[in-house]
There are 2 protein chains.
Amino acid sequence: MIKELIQLDRILFDSYKTKIISADEAALLIPDKAVVGASGFTKAGDSKSVLPAFAKRAKEEEIAITLITGASLGHTTDADLAANHALIRRMPFQADGTLRKSINDYQVKYVDQHLSETVEQLICGHIAPVDIAIIEASSVDENGNIYPTTSIGNSAFFAASAKKIIIEINTLVPKNFIGIHDNTVPNSYPDRDVINIHTPTDRIGTPYISIDPEKVIGVVFTDILDQPAVIAEPDEKTTAISKHLLNFFEKEVQNGKLTYALLPLQAGIGKVANAVLTGFKGSNFKNLTMYSEVLQDSTFELIDSGNMDFASGSSITVTESCYTNLLNNFEKYKDKLILRPQNISNAPEVIRRLGIIGINTAIEFDIYGNVNSTHIGGNKMMNGIGGSGDFARNAYLSIFVTQAASKENNISHVLPMVSHVDHTEHDVDILVTDQGLADLRGLAPRERAEVIIENCVHPDYKEEIRDYFERAKQRGGHTPHIMEEAFKFHVRFNETKSMKK
Amino acid sequence: MIKELIQLDRILFDSYKTKIISADEAALLIPDKAVVGASGFTKAGDSKSVLPAFAKRAKEEEIAITLITGASLGHTTDADLAANHALIRRMPFQADGTLRKSINDYQVKYVDQHLSETVEQLICGHIAPVDIAIIEASSVDENGNIYPTTSIGNSAFFAASAKKIIIEINTLVPKNFIGIHDNTVPNSYPDRDVINIHTPTDRIGTPYISIDPEKVIGVVFTDILDQPAVIAEPDEKTTAISKHLLNFFEKEVQNGKLTYALLPLQAGIGKVANAVLTGFKGSNFKNLTMYSEVLQDSTFELIDSGNMDFASGSSITVTESCYTNLLNNFEKYKDKLILRPQNISNAPEVIRRLGIIGINTAIEFDIYGNVNSTHIGGNKMMNGIGGSGDFARNAYLSIFVTQAASKENNISHVLPMVSHVDHTEHDVDILVTDQGLADLRGLAPRERAEVIIENCVHPDYKEEIRDYFERAKQRGGHTPHIMEEAFKFHVRFNETKSMKK
């Protein structure tokens, strides 16, 4: 079976040819309790064969690893690892239902990190170093270096720091899928360099990931595509959110604060952010750029429509048709794209220097502008903070979007107090729901509450939330709250499955 | 009276000599509803005459301003302004009892900002531009530029962007107090530059603040010193905190993660942070440096003891004896100090590049590592977030310190859930109380809870907090909580003035 997969012309470095093994053989090279650093960022460029083979091995053996990736993995890899108890610790992000359950049952120790910071923590020795890196590649050059596929994530640093490396060559990624990557690895302290990026188009690294060939313990061939993204069509709510936001940008242009090119855009993954970006299609906004983490379908639609000139990210996570279009027309898109390590795509330094407009999705936000991006009901992990904090903190504009209410309006996403804080009031400029937009810039907490309640809350909850705020004000304080009632909506939902009175 | 104050040899730019006015006259130049940008950072280098004269004017007239400073002001300036209803809006930081009460009574709209971000918000036009800048100086050079005194704060940008400028020359600051300042103003988007600082000693600006002489509407002379800092002597608790932290650093050195020079230190203002720094005196730690915001007495003690080589900050806020020593021996200290604008001292870019060890004070923290730096009881503002978030987010190590309990142990500073979040679990590495130290690096929330409860909680509260955690775990979840009980300590304190059962 392996032989059919092997394409020797993808390995221009001879000594690797003697290291070709099957995924099952590679899985046997991963010791119990190893720290594994694997490629993969929001389903893109992940290990399609070795990690699944390890999950299969863990079905038979009591064996488990610490798994560090770029972000979430595709297919059922995280699910299979979790189901077979193959994960001791997992970081920095995930988005899988089975793994989520294991995390919430505390069968997996999950460390939810800012996506820019995993490499920082590894460099500093704050977390255990990577024993084995597993990195998907399209090919190997004559020096043994590898060309990554649809994401970079943390792969460049995993490769540089791991004791051993397994390369997973994906023969479904065309050999010419080269030139859009810009790989680099930071120095250790105290000798850190400037990240010399001044526009989304700037390059500071190499198109390949540098590999010490001595560290390569196996080369595996695979022919499985990235799990395609599923993008929901814009609906009434996402269209309303998009409209509010585009109106806001239009006003900023009218007021001379921005031009129609805006500033480089970042958009979190998901249907709301994708719908917002799609809203730019055919609009007055031209020469747009992105400096983001995930490039979704909307990026390519905006390039096609002529509204966007360039997009920088750490991964390409798109639907099947968008992926096919990209591969078939790679030369057309090649000069308009860069993929970077996530410690660069999400670097605070670059985000502040470029003046990013960051658009991220909230699970819930409160009347003072604090945002919860990670927890349901205050205790259950959903996915993780991802890069939202990297962008929100340092952005030119920090925007969070969510629907005002959901589940037949039994859940209000605007609340007196969020049940978990991922982004504080200090880091949030604009909040948008389908009901409207709240511009919080320069406002004191009580002013924020007024505009959030007025513009963002669903009508079913407006009266009760306003009543909370009015009664809280009687108690005084800079940020009025009634501590014994602050979570009453969450408590009520736990009891009745509805936040409604 | 004015004549006695005037020292014409401090003005080397002739046209300013015609603009010398009294503080009262200067106060009359500030229109109602003006946005005033004033020098001053943690009591250092603030307006000693013009703002107080404006407060006096507001006693007679219904007149009020938006006041933006570097950080808190000294003497009774903020108190007098608040008492006379002279403040519409105040940002980005304060630490005055009278103003605090006005803020909590919502007579002043307070906007509590990361100290690095005020200039960002002004550049972007997110907040209204400065009409009048009031800046304390020691003298004026032959081009009309000014030498700031004991702080820079936001003064360089206020001077560059304000429509009008009032200079307040403080004749008690020696004329030779020159050479330690490094002033610079960022470009507007999209043309932001790299902040080219690679070590605390690097300079990127000018020793003076550039002034367009046409904008100067008044020069006022003053002879009032900065309000001296009052530093409490180390007590049992601060000594214990300092000891825990020094043991930790010692271990990091033993483990090869750091050298005895550590990495550049930042310490928040206050007695705990000061005591921690003082703990380095006569220790094994040598060639220490600081890249901080406020330089306190401990900085000078460490320079004197030979443990510290260099300190960079945005202000010098010291006791009277330390101040006198600095001025009398300025040549000795001059090459060991730099003062910078706070958007540079607190720049995320520089903090991450240098790998700062950030030590800040918490009001309370919770069992999962979230930190409250600003609010009492969930609703009342204490001072503000200051620069703690700038450092905590981007530091090599983010450390928060507080006493385990206070007020005859009626208040526990470690709680099931903090009543306000300023620093999320994602941004906190090490927590220290007098009881012990919790190293949270790489831990999942339930692991953090174990180590925090074990090491940091006061014995009077350990049983009840552990009981909360154990019962919360029964409900499951990544971050176990019992939402209806999460604030029970705060609610109990409101009712009984004690958090104890």
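User: Which side chains meet in a salt bridge at 2.7 Å, N to O?

Analyst: A salt bridge is a side-chain nitrogen of Lys or Arg within 4 Å of a carboxyl oxygen of Asp or Glu. Here the side chains of R89(A) and E447(B) form one, at 2.7 Å from N to O. Across the interface of chain B and chain A the rule finds 6 salt bridges.

User: What should I know about the model and its labels?

Analyst: This is a predicted model, where local features need pLDDT of at least 70 and side-chain atom pairs count only at pLDDT 80 or more, while totals for chains, interfaces and linings use all residues. Residues are numbered from 1 along each chain as its sequence is written, chains are lettered from A and ligands numbered from 1 in the order in which they are written, and side-chain values use heavy atoms, with hydrogens and water left out.

User: How many residue pairs are in polar contact between chain B and chain A?

Analyst: A polar contact is a pair of N or O atoms within 3.5 Å; within protein, one must be able to donate a hydrogen and the other to accept it, and residues adjacent in sequence count only if both atoms are side-chain atoms. Between chain B and chain A the count is 42 residue pairs, both at pLDDT 80 or more.

User: Which element supplies the largest share of the side of chain B that touches chain A?

Analyst: Helices (H or I, at least four residues) and strands (E, at least two) are DSSP runs, numbered from the N terminus. The largest share, 5 residues, comes from α15(B). By class, this side of chain B has 26 nonpolar, 25 polar and 23 charged residues. Ala, Val, Leu, Ile, Met, Phe, Trp, Tyr, Cys and Pro count as nonpolar, Asp, Glu, Lys and Arg as charged, and the others, Gly among them, as polar.

User: How is the size of an interface given?

Analyst: Often as the accessible area lost when the parts come together. Buried area uses a 1.4 Å probe and is summed over both parts. Chain B and chain A bury about 6500 Å² between them, 52% of it on carbon and sulfur atoms. Contact means heavy atoms within 4.5 Å. This one takes 74 residues from chain B and 74 residues from chain A.

User: Is N84(B) buried or exposed?

Analyst: Buried means under 20% relative accessible area, exposed over 50%, partly exposed in between (1.4 Å probe, protein chains only). N84(B) counts as buried because its relative accessible area is 17%. It sits in the loop between α5 (77-83) and β3 (87-91) of chain B. Its side chain reaches the backbone oxygen of A55(B) at 2.8 Å. Leaving aside neighbours within four places in sequence, N84(B) is in contact with A55(B), K56(B), A58(B) and K59(B).

User: And T18(A): buried or exposed?

Analyst: T18(A) is exposed, because its relative accessibility is 68%. T18(A) lies in the loop between α2 (14-17) and α3 (23-28) of chain A. A polar atom of its side chain lies 2.7 Å from the backbone oxygen of S15(A).

User: Where is the cis peptide bond with omega near 0 degrees?

Analyst: That bond runs from M91(B) to P92(B). P92(B) is in the loop between β3 and α6 of chain B. Another cis bond joins Y189(B) and P190(B), with omega about 5 degrees.

User: What is phi of T42(A)?

Analyst: Near 45 degrees, a positive value in a residue other than glycine. T42(A) is buried, because its relative accessibility is 5%. H85(A) also has a positive phi, near 55 degrees. H85(A) is exposed, with a relative accessible area of 53%.

Notes: Buried area = accessible area lost by both parts, 1.4 Å probe.
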